[in-house]
Structures are given as structure tokens and as C-alpha cells.
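These notebook entries record what I looked up in one structure. I kept each entry brief.

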Amino acid sequence: MGDLWAALLPKWSTYIDFVGQRRAERLFQIILVVFAVFGFLWGYILQRFSVTVYSVLVAFVLSALITLPPWPVFRRNPLNWLPADAADPKSTAASAAGGGGGSKKKK
């Protein structure tokens with residue numbers, strides 16, 4: 001089973017960019033609130049609280065299916081990382097030693 005996952009994961013991109021995370025979170029919230037309001041109103045009309053509970057459960061499952069997988073709509077703004085600068089040994093040595101920033105001269 002581990003070999004299957006190792007073979008399949010490199011073929012699929014598993015990240016979501018920051019804008020996509022914001023979109024997914026907002027979509028999750030909208031779906032949940034809309035289903036909860038309609039479920040509450042419908043349950044109130046029928047005088048059955050179970051209708052409200054089921055509508056919220058359906059909203060949760062639906063929103064999870066829509067927002068949890070890394071769909072391409074959530075990966076439209078990839079983050080461009082800066083390349084590692086191997087030419088500056090002072091900065092890498094200082095950051096490895098823990099003296100990378102904020103040091104003040106004493107008088």
C-alpha cells in the first residue's frame with residue numbers, strides 16, 4: 001500500500017496557495033451558513049429539529065468535498081520562492097549559529 005501512495009503522490013499536486021486557502025475557507029463558511037439557515041427555517045416549518053441537523057450535516061459533507069481536495073481553482077496563484085543564496089557563507093553561518101539578526105553594538 002505504501003508503494004501505491006509513493007507512486008501516486010508525485011503525479012498530483014497537493015498544495016493550495018494562500019489565495020486558494022482564503023477562497024476555500026470562505027466557500028466553506030458560505031455553504032455551511034446557507035444550509036443551516038434554510039435547514040432551520042424548513043425544520044421550523046415542519047416542527048422537526050432533525051431536519052436542521054441533517055441539513056447541517058449535508059452542508060458539512062458537501063463543503064468538505066468541495067474545499068478539501070486541492071482543486072486547480074485553489075492553485076491559481078502559486079507562491080514564487082526566492083532561490084537559496086549559496087554565495088554568501090556569512091549569512092548561512094550566522095543564521096546557523098543563532099546570531100542572525102538584531103544584534104546591537106555595546107558602547
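**Entry 1: helix α2.** I began with helix α2, which covers residues 18-46 and has 29 residues. In this predicted model, I read a distance of 42 Å from its first C-alpha to its last, close to the 42 Å expected at 1.5 Å a residue.

I then looked at the two ends of the helix. At the start of α2, I found a side-chain oxygen of D17 within 3.2 Å of the backbone nitrogen of V19. After α2 comes Q47, and I noted that its phi is positive, near 60°.

**Entry 2: the buried side of α2.** Which residues of α2 are buried? I listed G20, A24, I31, G39 and G43. I also asked what the buried residues of α2 pack against; the partner is α3.

**Entry 3: T52.** I looked up T52 and located it in helix α3. Is T52 buried or exposed? T52 has a relative accessible area of 11%, and it counts as buried because that value is under the cut-off of 20%. Setting aside residues up to four places away in sequence, I found T52 touching G39, F40 and G43.

**Entry 4: the nonpolar patch.** I next examined the surface. I30, V33, V34, V37, F38, F40, L41 and Y44 form a nonpolar patch there, and together they have about 800 Å² of accessible area.

**Entry 5: P69.** I placed P69 in the loop between α3 (49-67) and α4 (89-97). P69 has a relative accessible area of 26% and is therefore partly exposed. Leaving aside neighbours within four places in sequence, I recorded contacts of P69 with I16, A64 and F74. I also looked up Y15, which is 54 residues from P69 along the chain; their C-alpha atoms are separated by 9.2 Å.

**Entry 6: the whole chain.** How many helices and strands are in the chain? I counted 4 helices and 0 strands, and from the N terminus the elements run α-α-α-α. The chain has 107 residues, of which 12% count as buried. It exposes about 9,300 Å², with carbon and sulfur atoms supplying 69% of that area. Finally, I considered contacts between residues at least 6 apart in sequence: 73% of them join residues at least 24 apart.

Key
Residues numbered from 1 in each chain as written. Predicted model: local features only at pLDDT ≥ 70, side-chain atom pairs only at ≥ 80, totals over all residues. Heavy atoms only, no water. Buried < 20%, exposed > 50% of the residue type's maximum accessible area, 1.4 Å probe, protein only. Contact = heavy atoms within 4.5 Å. Expected span 1.5 Å × (residues − 1). Polar contact = N/O pair within 3.5 Å; in protein donor to acceptor, adjacent residues only side chain to side chain. Patch = residues over 30% accessible without salt bridge, like charges linked within 9 Å, V, L, I, M, F, W, Y side chains within 5 Å. Areas by Shrake-Rupley, 256 points an atom, 1.4 Å probe, with all protein chains shown as cover. Salt bridge = Lys/Arg side-chain N within 4 Å of Asp/Glu carboxyl O.
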